[in-house]
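Reader: Could you walk me through this model, one feature at a time?

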Amino acid sequence: VFWGIMTLYLNITKIHTQDQIIEEIQFNLSMAMDQISDSIKIADSIAIVPTTQFDGIRVMRIDQSGLVSSNHTYTCERERGIMLDNNPLKLPGYHLFDEDGPYYVEIDDFELDDNVITNSSSNRLKNNYYNLTATFLLSTPYDENFERTFTFEREIFALNKFSQDKSDDE
């Protein structure tokens with residue numbers, strides 16, 4: 001009886017710990033996507049820039065005097081996660097991307113699509129609407145059957161850029 005109870009306790013503890021880590025990873029990735037989305041919403045300039053693994057996203061803010069007040073680039077590396085200016089985003093759970101953790105988090109897809117609206121005749125609207133997608137794979141070296149895929153998507157309207165856009169549909 002004791003052995004059975006201990007085995008049950010260990011299984012419950014293992015599953016609870018696994019669920020807690022998965023939740024923390026999801027929270028980290030969701031917060032990263034939200035931070036990127038917020039940066040795009042308030043950016044005056046948005047550019048998709050090529051990098052070695054996935055395209056990066058450069059966002060710039062311009063002050064009232066016309067000078068660049070902030071210039072940041074979000075990139076992504078398969079094993080290191082989402083980066084801001086080549087540094088890991090220091091969001092809760094970022095340490096789970098370390099190599100010595102119990103889980104491997106690998107980024108499978110990271111892209112920002114522009115001109116995603118196809119059913120509008122407004123170029124102004126098309127030029128300022130984006131779709132951000134990131135897919136993450138979670139696995140563990142301790143169980144070769146364990147693999148989870150998480151996909152996060154954000155539809156983003158670049159409000160600042162839209163307000164400055166002087167395209168042909170006005």
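Reader: In which sense do strand 1 and strand 2 pair, and over how many bridges?

Author: The model is predicted: local features need pLDDT of at least 70, side-chain atom pairs count only at pLDDT 80 or more, and totals for chains, interfaces and linings use all residues. Residues are numbered from 1 along each chain as its sequence is written, and side-chain values use heavy atoms, leaving out hydrogens and water. Strands (E, at least two residues) and helices (H or I, at least four) are DSSP runs numbered from the N terminus, and two strands pair if DSSP finds at least two bridges between them. Here, strand 1 and strand 2 are antiparallel, over 5 bridges. Val49 stands opposite Gly56 in strand 2.

Reader: What is the strand order in the open sheet?

Author: Its 5 strands run 1-2-3-4-5 with antiparallel pairing. Strand 1 (45-49) and strand 5 (87-88) are the edges, each pairing on one side only.

Reader: How is a pair of aromatic rings described?

Author: By the distance of the centres and the angle of the planes. Rings of Phe, Tyr and Trp (its six-membered ring) pair with centres within 6.5 Å; planes under 30 degrees apart are stacked, over 60 edge-to-face, the rest tilted. This structure holds 2 such pairs. Phe136 and Phe152 are edge-to-face, 5.8 Å centre to centre with 70 degrees between the planes. Phe136 lies in strand 7 and Phe152 in strand 8, so the pair ties together parts 16 residues apart in sequence. Phe157 and Phe162 are tilted, at 4.9 Å and 55 degrees.
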